[in-house]
Amino acid sequence: MLKEAISQSQLREWQQEINDISAEFRLTITFNQINTAVHRLEDLCISQGATDRTRQQHQISLLQYINVAINNEHQGNTAKVDIYHQLIRDSEGHILAALSFSAVNHALDKPDMFQALSAIQIRIADMLSSAIRTYINSSDLGLKHSPGITHIVDVQAFINAFDEHIWIKNTHGIYIGCNKSVERAWRKSTDQIVGKSDFDLFDQRTAEAFVEGDKLAIETGATVVVSECEEVDLNFNKVWLETIKAPIYDAQNQLLGVIGMTRNIAKHKEAEEQLILAANVFQNAVEGVVITDSDGNITEINQAFTDITGYSREEVIGRNPSMLSSGRHPKSFFERLWNTLLVQGKWHGEIWNRRKYGAIFPQSITISAVFDKQNIIQYYVAVFADISAQKQNEEKLKNLAYFDALTQLPNRMQFMSLVEQELNHSNRAKKQLAILFLDIDFFKHINDSLGHVIGDEILIELAKRLSYALSDFDVLARLSGDEFVVMLPSIMGTDSVTSSIDKIRSVFERPFILDNAQSVRLTASMGVAIYPSDGDDHDSLLRNADAAMHRAKLDGRNNYAFYTESMTKQAVAQLKLQTAMHQAIANDDFYLVYQPKLKLDDLTPCGFEALMRWHDPILGDISPGEFIPLAEKIGLIWGMGLWVLKTACLQGVEWLTQGKTFERISVNVASLQIQRSDFVEQVRRILLETGLPAKHLELEVTESCMMHDPEAIIRDLKLLGAMGIALSIDDFGTGYSSLNYLKKLPIDKLKIDQSFVRDIPHDSNNTAIAKAVIALGHALNLQIIAEGVETQAQADFLRANGCDLAQGYLYSKPRLPDALVDFLPLVANMKP
């Protein structure tokens with residue numbers, strides 16, 4: 001047997017060499033003698049640190065390899081395998097022993113798993129195997145040899161087989177051998193190298209560095225790396241070269257010299273750089289990274305993992321990631337996850353996990369399986385990011401999209417969605433549903449007087465009160481400004497609706513207390529639309545509830561109204577009229593007529609009132625009582641009022657140019673016109689542009705104009721009066737008269753409204769009012785004019801009671817300018 005034939009000192013020497021090579025090149029090496037007859041292995045040498053399990057795996061793999069080698073009659077590995085075998089045969093070709101090599105996998109720290117050997121590791125394995133094979137075949141070990149077969153390998157041929165630069169020096173530093181690679185690199189023949197020292201071959205600095213490397217190897221007594229540098233090869237390519245040296249000893253452990261080898265480690269350097277780069281990326285990545293083995297146990301994490309979860313590396317290594325479970329996901333969730341991961345090799349999604357100190361957080365995670373060459377999963381790599389901030393932003397955006405920012409109530413979009421859902425349910429269940437539209441009365445006064453900040457505080461408090469007053473099934477939303485809307489699902493009839501309305505109205509019974517202890521009381525107008533009678537979709541129901549609310553406002557506010565179909569017809573008619581009005585302005589379809597004013601004592605004409613008229617090609621003649629309030633509502637009255645004023649002034653100039661005479665043309669001024677800060681300036685501009693003397697212009701204002709900033713109105717009226725324009729109060733007694741303001745106004749006339757004139761002299765109340773107005777006006781030194789005089793009895797009564805002027809159908813209807821010749825005397829015909 002080989003073991004008995006080899007000396008113990010030789011075995012120890014081989015053992016030492018195997019230990020050195022194993023440590024230097026990260027190899028696990030076993031040296032077994034083989035009895036092929038009985039397929040039995042017996043170890044001769046095993047590298048230090050190899051476990052019993054590794055040794056057993058080597059032997060199992062070796063037996064399988066021997067069977068293949070015998071059957072195929074070849075020696076040597078033909079593929080890149082995890083365990084590399086080299087057979088030792090005798091001179092007759094019989095297998096005597098084998099060397100087995102496997103890479104030590106420090107990264108995985110799993111002795112039962114191996115990686116394929118690198119090229120340099122295979123070469124080292126071949127060198128060691130060849131050296132042992134040469135010794136066995138060249139030594140007389142008492143083994144039988146066949147003279148026809150030899151496996152002796154010449155040392156020079158052996159080292160020439162390597163691309164690496166290999167040389168040997170004796171103890172005096174003299175080269176005693178080198179391979180062909182050295183000759184090519186140094187551009188010297190072997191004869192020029194052997195027998196020379198470093199100082200004979202190289203410059204002083206290089207030679208000293210080489211000698212120092214020899215000394216280091218000898219002092220260390222093992223293989224050492226003496227240099228590593230970047231150079232240019234014969235083909236002018238940049239390469240990384242590494243030089244290793246090792247002392248050579250004889251059988252008696254006497255130093256014989258030093259062997260050196262320089263090899264190109266560019267690939268290793270590149271791999272090292274890639275590993276360093278990967279490690280830096282791994283550790284500095286913002287995303288958390290966790291690596292597990294095929295059983296799901298954690299083998300590595302990065303710093304971001306610790307930053308996000310709070311767990312250190314020591315706390316998680318070897319544990320399962322389920323330690324982070326939040327408990328928010330059902331078992332079926334993870335079953336689907338693992339099924340996708342095993343089938344597709346990757347899973348991406350969102351998971352809620354728990355931090356070390358208990359906080360639950362969302363993470364976006366991608367889990368990938370890492371397969372080996374046999375397509376077996378070796379690792380799992382999970383990359384995740386903490387998306388807590390993203391989720392918070394999404395929630396904020398959701399709130400902005402679906403909830404009112406001030407009151408946190410559902411907004412219009414959310415309310416419409418909820419109504420649509422409830423309508424589907426009501427349709428299936430054949431139930432009724434009510435929409436209640438709520439608008440705070442005169443809330444604009446709150447904002448204007450107390451400020452929008454106080455107004456917002458009141459709205460917030462109102463939203464809270466309404467929420468408490470309604471049931472959990474009702475839906476309260478804020479549409480805009482001071483408009484709220486309520487959905488009452490599954491109502492049993494109008495009784496249940498009125499009950500809810502009573503609860504809402506009770507909210508306004510208590511005053512709203514402000515920070516300064518001031519209290520404010522509010523009222524609201526409400527409109528109700530009921531599904532399905534008042535509409536079958538959320539748009540129509542909300543629109544009809546809004547219409548009902550406006551009806552409640554018209555009925556006096558602080559009230560509620562149910563929707564009726566007539567409201568829709570009225571809204572449609574108003575929209576049609578509004579559209580036609582815009583077109584009429586564009587087409588210049590409006591025109592003026594003039595109604596004469598006469599002195600009651602002698603019925604001589606004293607002026608005209610300019611009245612606006614509109615004839616639409618489709619709608620026909622439209623009453624001013626319809627289109628003027630609409631113009632005020634939709635913001636057209638300002639432009640229309642200026643047009644009337646300018647047109648009337650131009651007409652007055654035309655009459656004066658024709659030599660006709662009149663006292664004044666009166667033009668009605670709407671409240672919204674006189675409330676404008678530039679109204680006085682606009683009147684002055686029109687007078688200058690048209691050339692009408694101010695003494696021929698009269699402006700009629702209503703009592704209601706005094707409701708808005710009376711002090712400013714009085715100031716502007718005084719400016720107009722100072723210009724020479726006459727001023728009169730129109731429709732006196734029908735608005736918001738205040739004697740305190742009336743005595744301050746710079747007015748010239750009071751006009752008795754036709755509603756008081758109509759039933760004179762038969763209605764005692766109207767006759768009393770007419771007498772009182774005439775007496776009041778005269779007491780204030782004002783002229784009195786009555787409008788709407790249609791009968792002689794009315795005229796006689798007014799004349800008898802001292803009324804100064806009159807206008808009405810009794811004397812003339814409003815006429816076009818060309819039809820007023822009778823009321824426009826020429827200057828030459830005037831009485832002296």
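Is Glu700 buried or exposed? I looked this up before anything else. Glu700 is buried, with a relative accessible area of 0%. I note here that the model is predicted.

**Entry: the Glu700 pair**

I looked for the partner of Glu700 and found Lys751. The two form a salt bridge, with the closest N and O atoms 3.0 Å apart. Lys751 sits in strand β28 (residues 749–752) and Glu700 in strand β26 (residues 697–702), so the pair ties together parts that are 51 residues apart in sequence. Lys751 also counts as buried, at 0% relative accessibility. The cut-off for buried is under 20% relative accessible area.

I then followed the shared partners. Lys597, Glu609, Glu698, Glu700, Lys749, Lys751 and Glu787 are joined by salt bridges into one network.

**Entry: other salt bridges**

I checked the total. The count comes to 29 salt bridges. I picked out two more of them.

Asp163 and Arg123 meet through their side chains in a salt bridge, at 3.6 Å from N to O. Asp163 lies in the loop between α5 (155–160) and β5 (165–170), and Arg123 lies in helix α4 (residues 119–138), so this pair ties together parts 40 residues apart in sequence. I compared accessibility at the two ends. Asp163 is exposed, with a relative accessible area of 55%. Arg123 counts as partly exposed at 30% relative accessibility.

Glu300 forms a salt bridge with Arg313, and their closest N and O atoms are 2.7 Å apart. Glu300 is in strand β11 (residues 298–301) and Arg313 in helix α12 (residues 313–316), so the pair links distant parts of the chain, 13 residues apart. I looked up both accessibilities. Glu300 is partly exposed, with a relative accessible area of 22%. Arg313 counts as partly exposed at 37% relative accessibility.

**Entry: surface patches**

Which residues gather in a patch of negative charge on the surface? I found Glu420, Asp536, Asp537 and Asp539 there. I placed Glu420 in helix α15 (residues 412–429). Glu420 counts as partly exposed, at 43% relative accessibility. Patch members need over 30% relative accessible area, so Glu420 at 43% passes that cut-off.

I turned to the nonpolar side. Ile218, Tyr249 and Leu255 make a nonpolar surface patch of about 210 Å². Tyr249 is found in strand β8 (residues 238–249). Tyr249 is partly exposed, with a relative accessible area of 31%. The same cut-off of over 30% applies to this patch, so Tyr249 at 31% passes.

**Entry: domains and distances**

How is the protein divided into domains? I noted domain 1 (2–156), domain 2 (162–270), domain 3 (285–391), domain 4 (407–583) and domain 5 (589–829). The C-alpha centres of domain 3 and domain 5 lie 86 Å apart.

I ended on a pair of residues. Thr223 lies in the loop between α9 (204–220) and β7 (224–232). Thr223 counts as partly exposed, at 27% relative accessibility. How far apart in space are Thr223 and Ile769, C-alpha to C-alpha? The distance is 130 Å, and the two residues are 546 residues apart in sequence.

Key:
Residues numbered from 1 in each chain as written. Predicted model: local features only at pLDDT ≥ 70, side-chain atom pairs only at ≥ 80, totals over all residues. Heavy atoms only, no water. Domains from an automatic or database assignment. Patch = residues over 30% accessible without salt bridge, like charges linked within 9 Å, V, L, I, M, F, W, Y side chains within 5 Å. Areas by Shrake-Rupley, 256 points an atom, 1.4 Å probe, with all protein chains shown as cover. Salt bridge = Lys/Arg side-chain N within 4 Å of Asp/Glu carboxyl O. Lys, Arg positive; Asp, Glu negative; His and termini not counted. Charge placed at Lys NZ, Arg CZ, Asp CG, Glu CD. Helix = DSSP H or I, 4+ residues; strand = E, 2+ residues; numbered from the N terminus. Buried < 20%, exposed > 50% of the residue type's maximum accessible area, 1.4 Å probe, protein only.
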